[in-house]
Amino acid sequence: MTEQVVFQKVNKEDAVNDILDQIIKAIEDGLLHEGDALPTERKMAEQMAVSRPVVREALHSLRLLGIIHSVQGGANYITDDFNQCMITPLTLLFRMNRSTVTQVQQLRSSLEVESASLAAEKCTEEDAAELEWYLKKLDQEENDRERASLDRELHLKIASIADNPMIYQVLCASSVLIENMITDIRALVMQKEKSTKGIDQEHRNLVQAIMSHDTRDARRRMNEHMWTVTGYVRTIEENKRSCGEG
């Protein structure tokens, strides 16, 4: 497939952006697909009538965006999963703005509520079976770290059912930032309530609403769950500040 990709000479005044535009357009036009190898830097430089360092700079930008990845030997490939592309730039943005965990959770909450509503619209029988599988695994798992991982995967599954790449990508990015948060929350719940049954029941109510295609109830159930989670996040942040960690 990549042998069919022929790049054009670029505008020398804006060479890097022109190269980026051509590669992205090749993806949009279906000339490049997930997992495809890009032509070599030498071949791209020849076609675009620029130096290899200019091509290399453009490829570096695409790598930062998660659109391509490199393997040993220097070959460049289109990412295997475009849904992951926003993780790195959004993570950098959050860190540069020194966003707090509470702020990240606020963003996550608004997107989670919308994703639950969309998931209720689009949930198939196969999706429902996967959601039930996650609930079953959460009931059976005793290791807190494994339960935290399943919790995160359940939420991302709901976002994937919603079938909105932008929501999914931002939720993935926020999950990377707060990947240890769910474990911390479960530990706090155990400390205060001696059980995670409350959160687990919220998950069951949420999944039932989605499986029933009840968009209003799915939105309400997710909003309730996010309200619970946000409360624990604030407590965790306050505890860290009081200990001089924040």
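Is Arg-220 buried, partly exposed or exposed, and what is the relative accessible area of Arg-220? In this predicted model, Arg-220 is partly exposed, with a relative accessible area of 41%. The side chain of Arg-220 meets that of Glu-224 in a salt bridge with an N to O distance of 3.1 Å, and Glu-224 is likewise assigned as partly exposed, at 36% relative accessibility. Because the two residues are four positions apart in helix α11 (residues 215-242), about one helical turn separates them. Salt bridges with shared partners join Asp-217, Arg-220, Arg-221 and Glu-224 into one network.

Across the whole structure, 14 salt bridges are found. Arg-56 is partly exposed at 40% relative accessibility, whereas Glu-41, with a relative accessible area of 16%, is buried, falling under the 20% cut-off. A further salt bridge is formed by the side chains of Asp-139 and Arg-204 (3.2 Å, N to O); here the partners are 65 residues apart, with Asp-139 in helix α6 (residues 125-140) and Arg-204 in helix α10 (residues 197-211). Arg-204 is partly exposed, its relative accessibility being 30%.

The structure also holds one aromatic pair. The ring centres of Trp-133 and Tyr-134 are 5.0 Å apart and the ring planes stand at 75 degrees, so the pair is edge-to-face. Trp-133 is partly exposed, at 43% relative accessible area, while Tyr-134 counts as buried at 13%.

Key. Residues numbered from 1 in each chain as written. Predicted model: local features only at pLDDT ≥ 70, side-chain atom pairs only at ≥ 80, totals over all residues. Heavy atoms only, no water. Phe/Tyr/Trp six-rings, centres within 6.5 Å; stacked < 30°, edge-to-face > 60°. Buried < 20%, exposed > 50% of the residue type's maximum accessible area, 1.4 Å probe, protein only. Salt bridge = Lys/Arg side-chain N within 4 Å of Asp/Glu carboxyl O.
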